[in-house]
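Open the model in your viewer and keep the selection panel ready.

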Amino acid sequence: MSHDQADYLELLARGAAAEAYDRPALLARASGAGPEKLAALEHAKQLALRVRAELEGRRRREAELSALFETAHDLAGLRDLDAVLRAIVQRARSLLGTEVAYLSLNDPSAGDTYMRVTEGSVSARFQQVRLGMGEGLGGLVAQTARPYVTDSYFDDARFEHTPSIDTAVRDEGLVAILGVPLMLGSQVIGVLFAADRRARVFEREQVALLASFAAHAAVAIDTANLLAETRSALAELEKANEIIRDHSGVIERASEVHDRLTEVVLRGGGVDDVAAALSEVLDGTVRFTDSHPDAPGADGRAIRREQEWVAAVSAGGEDLGALVLAGHADLDPVDRRTLERGAMVTSLLLLARRSAHEAEQRVRGELLDDLLDAPDRDPRLLRERAARLGADLDVPHVVLAARMEGPDSGVPEQESAGRGASARGAGGRGAGTAVERESADRQRLWAAASHLAATRSGLAAARDGGAVLLLPLGPDDDASELACRTARQLGGALRESVTVGASAPVAVPAGDPSPIAGAYDQARRCLDALRLLGRAGQGAAAQDLGFLGLLLADPGDIDGFVGRTMGEVVAYDRRRGTDLVRTMDAYFASGMSPARTKDELHVHVNTVAQRLERIGRLLGPDWQSPGRALEIQLALRLHAMSEAVAR
């Protein structure tokens, strides 16, 4: 290393000014140094200046990082927002070497911007200036959310000049101004400025440094706002804590109610258990009633009725009953809510019980359908399914066919058809309602039959517009008594007339299910016979219907009997479209009186005479003799029954 190069190292070591680096070359030129030495000195000078610039940059970045670190430290221990913002503005002014630094914040309520912190300012007007949004250099920064710099404020036409702002800037004597936005997310909340009273070009690094200080300022403002919100929340929380402390006893009671009702539900308790738990908690007497004349609506509110409190038990708009509390003239809001919560739990228990009952009904119906439609099922599986339902298919059972009697039951076909034609002629009014009512009646009959079957360890299903039951036959029962009792029980449950026909006993349904289908057909024929005999609403077995019952029990030759007895008349009506069968039926029903027969048929007596003469030619002259007349009347009943079944 030469002596001249060592001079440059010495200059670097003591941090000499840039002008001092020209001295070694000047001295060498004065001493007559040659071109090579002067070139070497110039090269060493340039290298030394580059090193000096790098060292200066490192010192500057170190100072910037130190200032940013101190700012972050101030934020970590934030106590006073104004103090932190003043420190940020002071450090920005010092590091950028400007004469003035200041920070403005937006005021959303006033719709303008105001000066928050200044450093190096000497003008009172400038320190108190307020400017509208979009005015001045700060307005341009706020609008675009980007830094802007001007080296000559009054000569810059990129932003809007206003008299008030220009006057304040002129009072302060500012010329070069740099502004960077304070951002919270995508929102500009203010602007941080650095300014000089002389023309100046701000470098890119200085713009970035001021933007870093602006970011710290935004964090400080956001932190201060969060602290203020936290203090407000803490104050509100303290108020809430006071309320909680005042109502701690109420909360404990509510918790006790919740625990008691949860315990009732988890251990499978019922409505009475809920009422008992509420009675203890409310220190009164709570009872459930499935109907209450003064029950409130289904809005879930408990209301006072004289000396009682009533809470409706409802679900989906359906009134299921009410919980009634006696023994309390007044209830505080918590106790009222307790009673209402108990009503809600009660409705859930009732719905759960109903769902379980309906599921069991469906299972019973499915098993009976399998016995009727698939008699080849495995007997072992049938016994297992029946056992799960509490039914024993290894004892004698009776098949019963049941049907609810509507207002038109027993109406002759012609009259019913006439009424139907009238209804259609009137536009069919009420037809849809009648269909819906019939469907609802069938559903009610099935539900009642299923409940009865469950209580009697039997099975029930909906079938052929009515219901079918398979009930065990007790040691002292017979099919007739069982049919009569079933008709009474179903009729009482539905408050409607119900006709029930019974089959002969089926010995062991599980061992051989095949007779069940035939027994059901027999029960249906018995039911139809009861209705044709004018005994709708009663219960009977085939054995109760005399000779007709014998034919019902073994229907193999019913068609043959009808054909032999009155087949010629039936065939004649079918060929000619006449009404001889109905005429015979009316004739016998009228005591074999032509005069009463013509009133029944609404025809002339001569027409009756002509029809009777025609019947005599078809059946023979002795058709009105006692023996023949009995057979013909029986054939008429069987023919009517077979026609009804066919329909």
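The second largest cavity has a volume of about 70 Å³. This is a predicted model: local features need pLDDT of at least 70, side-chain atom pairs count only at pLDDT 80 or more, and totals for chains, interfaces and linings use all residues. Residues are numbered from 1 along each chain as its sequence is written, and side-chain values use heavy atoms, without hydrogens and water.

A cavity here is a set of points on a 1 Å grid over the protein atoms alone where a 1.4 Å probe fits but cannot get out; lining residues have an atom within 4 Å of a point. Volume is the space filled by probe spheres set on the points.

Select α16 (514–532). It gives the most to this second lining, with four residues. The lining divides into five nonpolar, two polar and five charged residues. Nonpolar means Ala, Val, Leu, Ile, Met, Phe, Trp, Tyr, Cys and Pro; charged means Asp, Glu, Lys and Arg; the others, Gly among them, are polar.

Next, the largest cavity: about 180 Å³. Select Tyr 102, Leu 131, Gly 138, Ile 165 and Phe 193, the closest to its centre of 17 lining residues. That lining has twelve nonpolar, four polar and one charged.

Finally, show α19 (580–589) and α21 (605–619). They pack at about 105 degrees, axes 10 Å apart. That makes α19 roughly perpendicular (65 to 115 degrees) to α21. The contact residues (heavy atoms within 4.5 Å) include Tyr 587 in α19 and Ile 615 in α21.

Terms used. Axes fitted to C-alpha atoms, helices over the stretch in contact; angles between N-to-C directions. Helix = DSSP H or I, 4+ residues; strand = E, 2+ residues; numbered from the N terminus. Parallel < 35°, antiparallel > 145°, perpendicular 65-115°, else oblique. 1 Å grid on protein atoms, 1.4 Å probe; cavity = no way out; pocket = protein on both sides within 12 Å on 5 of 7 lines; lining within 4 Å.
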